[in-house]
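I set down each item as I looked it up.

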Amino acid sequence: MTLLSVVLPVYKVQGYLSQGLDSLLEQPFADFEIVAVDDCSPDNSGAILAEYAARDPRVRVVSLAENVGLGRARNAGLDHATGEYVWFVDSDDWLAQGALTAVADRLADTDADVLIVGFDRVHWDGRVTPSGSVKALAEAPESFTVEQWPRVLNVLHVAWNKVVRRDLLLKLGFRFEEGWYEDVSFTFPLLSAAPRISGLARVCVHYRQRRTGAITRTLGDRHFEIFDHWAHAMALVDQYADRPQALRPALFQRMIWHYLTVLRNAQRVKKASRKRFFDRITADFHRYKPAQGYEVPPGAQGLRHRFVARGSFFAFRTLQRAIGVVKSTERVRKMPLVKTKGLVKRVRQAAYRAYYKLQLRLPVDDRLALYAAYWYRGVTCNPAAIASKAEELAPGVRNVWVVGRARAASVPPGTDYVVAGSLAYYRALARARWLVNNVNWPNWVVKRPGATHVMTHHGTPLKMMGMDQADHPAAAKDQNFHAQMRRADRWDFSITANAHTTIAWERAYPCRYETLEVGYPRNDRLAGATPADAAAVREKLGIRPDERVILYTPTHREWLPRGRQVLDVEAFAERLGPDTVLLVRAHYFYVAADQRVQTRRGRVVDVSAYPVVEDLYLAADVMMTDYSSAMFDFAVLDRPLVIYAPDWQAYRELRGVYFDLMELPPGEVATTFSGLVDLFADGSYASAGAAAKRARFRERFCYLDDGKAAERVVRRVLLGELAG
């Protein structure tokens with residue numbers, strides 16, 4: 001018999017699921033199965049599960065026909081489990097290295113019916129805080145019953161920190177109940193019935209503290225369900241425990257602590273419902289208070305008990321406010337003194353910001369859509385494709401661009417624009433109904449009611465972004481993750497090119513936006529391109545029809561000195577022959593505002609400042625890149641791609657990546673200069689093998705590129721149409 005069945009209920013966790021599955025499957029201990037229950041998840045979680053199940057027989061997927069909720073999904077997993085023990089792991093958490101081995105060893109040593117494991121809390125901003133569970137379990141007897149060591153009731157009452165003998169659950173007929181706080185009516189009856197409990201005093205579970213989506217951060221009246229689960233728990237304890245009255249004092253203390261914890265959390269119980277919630281606590285206080293053994297706890301918690309017993313919500317609320325004032329005063333007292341070094345902002349800027357605030361008081365302009373790209377570098381990328389389609393499908397919308405002063409001269413004729421920093425700029429930012437950008441607007445921009453912010457992004461991610469950079473500080477240029485999330489909180493829509501991008505952004509930017517998984521609008525032109533389009537661009541660039549064009553698009557490396565390159569382009573161009581033109585497009589970080597559009601040095605043409613990158617894609621016969629997101633766009637054309645990756649291991653470790661490019665390349669890969677030269681010399685860059693790799697890459701990343709992405713965005717965002 002398999003030792004352990006890990007039951008994994010899955011619902012809307014596409015951004016975290018792979019990490020959890022990997023943390024299980026990469027453990028050295030192998031005598032386990034994963035029973036993953038797809039609770040009719042509407043995202044890409046089901047596809048992720050299918051992929052893992054196809055490559056590892058230890059993963060079995062149970063697909064439910066309708067969403068039944070966490071409790072019933074766990075029950076479905078239990079019904080399919082075959083292991084001697086069952087571990088109900090949450091699918092947005094992950095296991096520590098060596099956790100399964102430690103669990104198996106502890107079970108062998110203690111023959112426990114219930115094994116409680118330690119955990120830590122991993123916050124969305126990268127902070128890790130200990131839970132206290134490890135210290136508590138270290139002080140527990142090797143094995144015990146809850147009556148022998150009632151302190152176990154104070155270890156967090158969740159299912160995912162308990163490994164349970166399956167026969168015990170079957171014997172007792174335990175099932176998870178529906179609704180929020182279902183762990184309450186599972187944990188306490190289980191502990192009261194278990195003949196033999198043991199603890200594992202080490203961190204086994206990394207408990208993810210999600211920024212959004214957790215019930216602990218969800219405001220609403222569903223938190224009243226806690227009372228039903230505690231009532232059910234008390235009834236089951238009376239049924240299963242040998243001496244339930246001996247457990248009642250400790251259970252009662254835990255119950256009141258739990259109620260008060262929920263009530264005191266401003267992110268759970270609505271302000272208008274707190275008096276009613278408090279009254280329910282008072283009712284349960286008198287209903288369940290044990291006749292003997294109850295002692296009023298010390299300190300502020302004891303005062304809360306007394307106020308609950310008297311039903312005095314006013315006194316309880318006054319105490320909470322007083323404690324809040326004391327804590328605020330203490331925080332202010334501990335703040336370091338900062339010396340003022342003069343005015344931070346110029347008077348003119350302050351006046352313009354005041355003008356912006358004044359404009360915020362005026363009505364939103366329901367006809368105005370404001371666009372920007374790459375920090376006001378021009379009319380380009382996804383916003384440009386959306387604006388163009390809006391002109392066609394939403395003629396009643398006025399499309400206006402924000403451009404930097406140095407880029408104003410390059411704005412296409414007929415394009416309405418405002419210059420960044422002008423009064424017209426501040427007015428448009430304050431009044432626009434739609435704000436469409438491929439990067440974030442400045443920190444001070446206010447997300448006002450009635451305005452819609454659309455984040456188009458500007459690439460399919462290979463490298464880690466947003467919160468995922470917390471584990472790769474060498475590559476995180478902006479390490480103020482709280483500020484990053486505040487900016488992302490303004491998004492109403494996030495546009496993604498494929499399921500891979502959707503999953504990455506959900507983890508990197510855990511905010512409350514709607515994802516539009518529609519493909520990237522900027523690639524519409526590529527999806528519908530013809531040979532005539534390519535020929536026209538080549539003529540515009542001065543490239544002969546018989547010349548081979550290689551487009552080189554190296555990415556940015558944060559840890560290298562500015563200007564240092566990994567490829568000597570002149571030396572490479574010399575090895576390509578006289579009939580090859582090498583177009584070199586540096587990362588936009590390195591492009592000066594006044595840089596010439598094209599600069600030719602022999603066979604090398606610097607097109608870093610060329611305004612429309614899609615032109616360059618159309619002109620190229622082959623793209624050569626390292627880790628740039630340009631590869632995902634160019635793949636839409638289904639032309640040869642070459643990856644030059646001399647520093648892949650360093651890039652992977654320092655920058656962090658979402659997948660192994662060496663395992664899923666868009667074409668042939670070279671890791672040395674000589675190897676790169678050979679690929680072009682012998683023609684293998686365009687071989688059948690290279691085409692097969694490209695096909696697999698396109699299947700994963702380009703399946704939405706049908707030329708209609710911009711239309712889908714305009715219809716959903718500007719016209720308000722819902723997908724049929």
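Entry 1: the sheet. I found seven strands in an open sheet, ordered S12-S11-S10-S13-S14-S15-S16, with parallel pairing. I took two strands as paired if DSSP finds at least two bridges between them. Helices (H or I, at least four residues) and strands (E, at least two) are DSSP runs, numbered from the N terminus. At the edges I noted S12 (417–419) and S16 (514–517), each of which pairs on one side only. From one strand to the next, the twist averages 25 degrees.

Entry 2: the basis. The model is predicted, so I noted its rules: local features need pLDDT of at least 70, side-chain atom pairs count only at pLDDT 80 or more, and totals for chains, interfaces and linings use all residues. Residues are numbered from 1 along each chain as its sequence is written, and side-chain values use heavy atoms, with hydrogens and water left out. pLDDT is the predictor's confidence in each residue, from 0 to 100. I read a mean pLDDT of 91 for the protein, with 93% of its residues at 70 or more. Over residues 337–342 pLDDT stays under 50, and there the model has zero contacts beyond four places in sequence. Contact means heavy atoms within 4.5 Å.

Entry 3: I looked up S13 (residues 432–437) and S14 (residues 452–455), which pair in the parallel sense over four bridges. Asn437 has Met455 of S14 as its bridge partner.

Entry 4: helices on the sheet. H14 (residues 381–393) lies across S10 (365–372), S11 (398–403), S13 and S15 (493–496), and it runs at about 160 degrees to S11. H17 (residues 499–508) packs on the sheet, where it touches S15 and S16, and its direction makes about 140 degrees with that of S15. Axes are lines fitted to C-alpha atoms, for helices over the stretch in contact, and angles run from 0 to 180 degrees between N-to-C directions.

Entry 5: H14 with H26. How do the axes of H14 and H26 cross? They come within 9 Å, at roughly 65 degrees, H26 being residues 709–718. H14 and H26 are therefore roughly perpendicular. Angles under 35 degrees count as roughly parallel, over 145 as roughly antiparallel, 65 to 115 as roughly perpendicular and the rest as oblique. In H14 I listed Ala385, Ile386, Lys389, Ala390 and Leu393, which meet Ala710, Glu711, Val713, Val714, Arg715 and Leu718 in H26. By class, the residues of this contact are eight nonpolar, no polar and three charged. Ala, Val, Leu, Ile, Met, Phe, Trp, Tyr, Cys and Pro count as nonpolar, Asp, Glu, Lys and Arg as charged, and the others, Gly among them, as polar.

Entry 6: H9 with H10. I found H9 (residues 244–264) and H10 (residues 274–288) packed at about 175 degrees, with axes 10 Å apart. This makes H9 roughly antiparallel to H10. Their contact divides into twelve nonpolar, no polar and three charged residues.

Entry 7: H7 with H8. Here H7 (residues 184–193) and H8 (residues 225–240) pack at about 15 degrees, their axes 8 Å apart. H7 and H8 are therefore roughly parallel. The residues of this contact comprise nine nonpolar, four polar and no charged.
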